[in-house]
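This report looks at nonpolar packing and aromatic pairs. The model is a predicted one.

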Amino acid sequence: MRRLSLAWLVLAAISPASPLGAQSLLYRPPNLGGTWVPDGGVVQFNFLHRFYVTTGPSHSVVNYPTFTLAAGLGHQVELGGLFATRSIVGVGNGSQSTNETELFGRWRLHGVEGQPGFAIAVTPAYNFLAKSVDGEVGVDWTQGPLTLHGAARAVSRRLGESGNGAAAFAGGFNARLNQYIGVSADVGSFVSPTVTAAWSAAINVLIPGSPHTFSLQASNAHSATIQGASEGISSPKNVLYGFEFTIPLHLKRFSPWFHKSPKPVALGSAGGATVGAEVRISSVKFQGDSVTIAAGQAVRWTNADPIERTVTFDGGTEAGSPVIPPNGSYVHRFDKPGTYTYHCTPHPFMKGVVVVK
């Protein structure tokens, strides 16, 4: 039961019945926050992991993970935070910790991610490790498969220094090779000749049938905070490798936890035919995944799962269902003999077969 409950939590949180807005790495390079703001009621969780491997004989892996959690408040506003371990400040530079925490807000003044033209956002922040009030103004310009990025940054106190403010600038691009794959790169630096500029390059992938994106990265920046993305590390390794994974949590999908069972909803039409087979959708599976009926009969699917499903016929051989809500049903008549395979669009590993004789 514990495993099943955990599976429901994950599926309810991340599985869409139709494409849902989520932060896409196809529109943001690794070291820039961009101008994206979650929709109201959407919580964005990003996991950025970078590392290097030490020389022999130990060949130890040294990790630099960064976690981002941000929530959309509506009206183009978000609040969030970043937590990065092993900051460049180091314990030996007057800090009591190597963990870097940044709280931020973002207000998108103009534009929409992925739409042609300019988008502008203002991001105030506070870095607890540096005890610094930071900020960024970001600008994106999108035209077709190309998005260009620019950012102007200011901090009241740089990591590892006492009382020294600084400005920084950054720029980058995203080039989408198709709707699923793109490449990106960026560079940013404090305005100081003694600072190593931070850079990154990535191959970005949209995972089909989901709102998730994934990227493979190389960079010399350990974190994605305003300060961490403005100064690169030069030792002991000047190149880190890693990946980033974006996960949107649509809070409306947790609504069944706080409401009674929804009223039954009947979708589709039998067209006067008798229902020759019943398929129950439960436990993330089409129970009775293969049924046989006679031509002119119908099949009825009933969704007993707490999240939405679909009945989508492979190859478009038959018109599929709309979204079937929890406690809803869908009925479809088959007039021609044949074998009809189908799946659930948001959960394509769920498959079934209708054999019509």
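## A stacked pair in the interior

Y330 has a relative accessibility of 4%, so Y330 is buried. W301 is buried too, at 0%. The rings of W301 and Y330 form a stacked aromatic pair, with 5.8 Å between centres and 25° between planes. W301 belongs to strand β17 and Y330 to strand β19 (residues 328-333), so the pair ties together parts 29 residues apart in sequence.

W301 and Y330 also belong to a cluster linked by ring pairs.

## The largest nonpolar core

The largest nonpolar core has 21 residues. Those touching the most other members are F286, V299, W301, V311, F334, Y342 and V354. Strands β14 (275-282), β16 (290-293), β17 (298-303), β20 (338-343) and β21 (351-356) each supply at least two residues of this core. β14 gives the largest share, three residues.

What does V311 touch, leaving aside residues up to four places away in sequence? Its contacts are F286, W301, G320, S321, I324, Y330, Y342 and H343.

## The second core

A separate core holds ten residues, among them V155, F190, V195 and I226. R158 lies over the face of F190, 4.6 Å from the ring centre.

## A partly exposed pair

The whole structure contains 13 aromatic pairs. In one of them, F214 and F243 have ring centres 5.8 Å apart and planes at 20°, so the pair is stacked. F214 sits in strand β11 (residues 213-219) and F243 in strand β12 (residues 240-250), 29 residues apart. F214 is partly exposed, at 28% relative accessibility. F243 is partly exposed as well, at 25%.

Methods:
Residues numbered from 1 in each chain as written. Predicted model: local features only at pLDDT ≥ 70, side-chain atom pairs only at ≥ 80, totals over all residues. Heavy atoms only, no water. Core = buried A, V, L, I, M, F, W, Y, C linked by side-chain atoms within 4.5 Å. Buried < 20%, exposed > 50% of the residue type's maximum accessible area, 1.4 Å probe, protein only. Helix = DSSP H or I, 4+ residues; strand = E, 2+ residues; numbered from the N terminus. Contact = heavy atoms within 4.5 Å. Phe/Tyr/Trp six-rings, centres within 6.5 Å; stacked < 30°, edge-to-face > 60°. Lys NZ or Arg CZ within 6 Å of the ring centre and 35° of its normal.
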